[in-house]
Amino acid sequence: MASPELHVQPDVPANWNDLRDVGDQAVWSVSSCKQGYGVRYLRDGDMETYWQSDGPQPHLINMEFQKKTTVHSLKLYLDFANDESYTPNKVSVRAGTYFHDLQQILLEEINQPTGWTVLKLKDRNSKPPSVFLLQLAILSNHQNGRDSRIRQIHIRVPHIGCHNYQSHCIAFSQDYFTSTEFQSCATIR
């Protein structure tokens with residue numbers, strides 16, 4: 001079986017090991033769901049299950065974090081071959097601290113995706129946004145479909161490690177911290 005195609009926006013790192021998924025740290029909610037196809041299927045790891053909306057567009061998926069989180073990208077698993085008119089075509093990503101200050105940071109058209117689709121997120125300063133709340137809005141579907149299906153969503157953030165993001169961290173080493181107080185706490189007894 002061939003691996004699914006990866007639809008990627010420009011400037012997404014080729015090495016996905018530089019990013020990690022923090023979806024389990026978010027509280028998830030949706031604007032609607034068809035009975036038996038709820039929000040839990042967005043994160044169950046099974047590409048055969050899916051969340052399905054039930055109601056008028058736009059369909060909203062909300063991801064709330066307990067602490068401010070810098071988000072690099074959203075990674076969606078979509079399957080046009082199986083879902084056809086249920087497949088999102090135009091999506092908007094909104095970011096903020098709460099529902100009343102959300103700002104659109106991305107508007108993207110997705111053409112017949114089958115596999116992982118990566119949506120790279122940037123704030124108005126062209127940097128990954130730091131948010132408490134992220135909202136994915138499905139504005140339209142392929143073939144003018146009404147309800148939407150998404151099979152998986154990952155929220156990708158940078159690994160904070162000195163080997164990849166030197167400008168964001170201090171190179172930790174035993175030589176860097178030389179105080180007696182620090183050295184006394186540097187090992188586990």
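Partly exposed here means a relative accessible area between the buried limit, under 20%, and the exposed limit, over 50%. Keep that in mind for the views below, which come from a predicted model.

**View 1. Arg-43 and Asp-21 joined by a salt bridge.**
Asp-21 has a relative accessible area of 26%, so it falls in the partly exposed class. A search of the whole structure turns up four salt bridges.

**View 2. Arg-149, with a salt bridge and a ring to look at.**
Arg-149 meets Asp-83 in a salt bridge at 3.3 Å, N to O. Since Arg-149 belongs to strand β11 (residues 149-150) and Asp-83 to helix α1 (residues 80-83), the pair ties together parts that are 66 residues apart in sequence. Arg-149 counts as buried at 15% relative accessibility, and so does Asp-83 at 3%. Bring in Arg-151 too: Asp-83, Arg-149 and Arg-151 are linked in a network of salt bridges. The charged end of Arg-149 also sits over the ring of Tyr-86, 4.0 Å from its centre.

**View 3. Arg-146 and Asp-147 in a salt bridge.**
Here the closest N and O atoms are 3.7 Å apart. Arg-146 is exposed, at 52% relative accessibility, while Asp-147 is buried at 14%.

**View 4. Tyr-37 stacked with Tyr-50.**
The structure has two aromatic pairs. In this one, the ring centres of Tyr-37 and Tyr-50 are 5.1 Å apart, with 10° between the planes. Both residues lie in the loop between β3 (26-30) and β4 (51-52), so the pair ties together parts 13 residues apart in sequence. Tyr-37 is partly exposed at 29%, whereas Tyr-50 is buried at 13%.

**View 5. Tyr-77 and Trp-116, edge-to-face.**
The ring centres are 5.2 Å apart and the planes meet at 75°. Tyr-77 is in strand β6 (residues 73-79) and Trp-116 in strand β9 (residues 114-120), so parts 39 residues apart in sequence are tied together. Both Tyr-77 and Trp-116 are buried. Lys-75 lies over the face of Trp-116, 4.8 Å from the ring centre.

**View 6. Phe-132 in strand β10 (residues 130-141).**
Phe-132 is partly exposed, at 28% relative accessibility. Beyond its neighbours within four places in sequence, its contacts include Met-63, Phe-65 and Gly-96.

Notes
Residues numbered from 1 in each chain as written. Predicted model: local features only at pLDDT ≥ 70, side-chain atom pairs only at ≥ 80, totals over all residues. Heavy atoms only, no water. Helix = DSSP H or I, 4+ residues; strand = E, 2+ residues; numbered from the N terminus. Buried < 20%, exposed > 50% of the residue type's maximum accessible area, 1.4 Å probe, protein only. Contact = heavy atoms within 4.5 Å. Phe/Tyr/Trp six-rings, centres within 6.5 Å; stacked < 30°, edge-to-face > 60°. Lys NZ or Arg CZ within 6 Å of the ring centre and 35° of its normal. Salt bridge = Lys/Arg side-chain N within 4 Å of Asp/Glu carboxyl O.
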